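I opened a new notebook page for this structure.

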Amino acid sequence: NLSERLKLVASFVEQGTVLADIGSDHAYLPCWLIQNGLISRAIAGEVVKGPFESAKRNVQSEGLGKQITVRMANGLRAIEQNDSVETVTIAGMGGSLIASILDNDSERLASVKRIIVQPNIHSMAIRQWAVDNSWKIVNEAIVKEDRKIYEVLVLEPGKGTYSSEEMLMGPYLIKECADAFLEKWQGELAELSRVITALTKSAQSEEAKMKRQQLSETKDLIERVLHK
Ligand code: SAM
């Protein structure tokens with residue numbers, strides 16, 4: 001059965017779309033989407049041999065070789081022009097890695113109408129990529145599973161402008177203010193306080209002072225949002 005985390009990603013996949021799942025590992029997400037009749041065709045991309053083999057094995061053993069093409073490729077290079085891919089999913093990696101995958105070979109996104117990402121950390125890197133590359137955030141969600149909290153961001157072509165609060169914490173997530181969201185940012189606040197205290201005690205260099213100042217500003221920003 002598919003994890004809650006990947007089900008949340010799946011919930012934003014539009015019925016009947018052509019999907020490319022980049023960094024697919026076991027190809028669980030495309031297999032599940034096909035088996036539930038939600039999409040008819042998918043590409044599963046993997047850059048590492050082990051996960052690539054595992055994706056191929058799974059697709060074969062589920063008898064989905066006609067519907068899912070598994071390719072060994074770096075990032076968006078798994079997408080070929082004839083695929084007419086409309087939806088890209090990238091899940092289970094850090095936000096900076098996801099942003100760099102989107103940034104490389106981005107001409108491969110020409111036919112793409114929706115990008116769904118699930119960063120484990122640092123979703124701000126993806127929001128920054130979106131703003132810089134004329135994609136706007138059309139939805140976000142947050143879920144807790146096995147004591148970890150995961151965010152999902154949905155992007156579509158367009159211009160978006162966001163405040164610094166929204167860039168860090170997510171415009172839709174701030175509005176929704178779910179329990180998992182509160183828990184995540186309470187945790188971040190505690191961690192920030194810990195680092196700021198450590199910096200105050202140990203380091204006196206200009207650099208350390210600047211870092212502390214920067215962290216304090218982030219902390220204030222989070223507190224403003226949480227105490228609204
Ligand atoms: N997407 C699956 C999920 O959410 O459960 C798998 C997540 S797994 C932690 C991350 C996968 O991304 C790994 O299998 C890794 O090999 C793959 N990966 C990392 N960088 C990649 C890249 N540039 N192109 C394609 N795959 C990549």
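My entries follow, one topic at a time.

**Ground rules.** I am working with a predicted model, where local features need pLDDT of at least 70, side-chain atom pairs count only at pLDDT 80 or more, and totals for chains, interfaces and linings use all residues. I number residues from 1 along each chain as its sequence is written.

**The sheet.** I looked up the strand order first. I found 7 strands in an open sheet, ordered E3-E2-E1-E4-E5-E7-E6, with mixed pairing. Strands (E, at least two residues) and helices (H or I, at least four) are DSSP runs, numbered from the N terminus. Two strands pair if DSSP finds at least two bridges between them. Strand E3 (68-72) and strand E6 (135-145) are the edge strands, each pairing on one side only. From one strand to the next, the twist averages 15°. For angles, axes are lines fitted to C-alpha atoms, for helices over the stretch in contact, and values run from 0 to 180 degrees between N-to-C directions.

Next I checked what packs on the sheet. Helix H8 (residues 179-202) does, touching E6 and strand E7 (148-157). The direction of H8 makes about 85° with that of E6. I call two residues in contact if their C-beta atoms, placed from the backbone, lie within 7 Å.

**Strand E4.** Which strands pair with E4? Strand E1 (residues 18-22) pairs with strand E4 (residues 87-93) in the parallel sense over 4 bridges. There, Asp21 stands opposite Thr89 in E4. E4 and E5 also run parallel, joined by 6 bridges. Thr87 has Arg114 in E5 as its bridge partner.

I then looked at burial. A residue is buried if 20 or more other C-beta atoms lie within 10 Å of its own, exposed if 12 or fewer, and partly exposed in between, with C-beta atoms placed from the backbone. In E4, 5 of the 7 residues are buried, so the strand is largely enclosed by the rest of the structure.

**Ala91.** I picked this residue of strand E4. Is Ala91 buried or exposed? Ala91 is buried, because 25 other C-beta atoms lie within 10 Å. Leaving aside neighbours within four places in sequence, Ala91 is in contact with Leu6, Val9, Leu29, Val117 and Gln118.

**The ligand.** I counted 16 residues around the ligand, the closest being Gly23, Asp25, Val47, Ala91 and Gly92. A residue is near if its C-beta atom, placed from the backbone, lies within 6 Å of the molecule. E4 gives the most to this shell, with 3 residues. By class, I noted 8 nonpolar, 6 polar and 2 charged residues. Ala, Val, Leu, Ile, Met, Phe, Trp, Tyr, Cys and Pro count as nonpolar, Asp, Glu, Lys and Arg as charged, and the others, Gly among them, as polar.

**The core.** Last, I looked up the largest nonpolar core, which has 56 residues. Such a core is a set of buried Ala, Val, Leu, Ile, Met, Phe, Trp, Tyr and Cys residues joined through C-beta atoms within 7 Å. Val9 and Val152 have the most contacts inside it. Among the contacts of Val9 beyond four places in sequence are Thr89, Ala91 and Val152.
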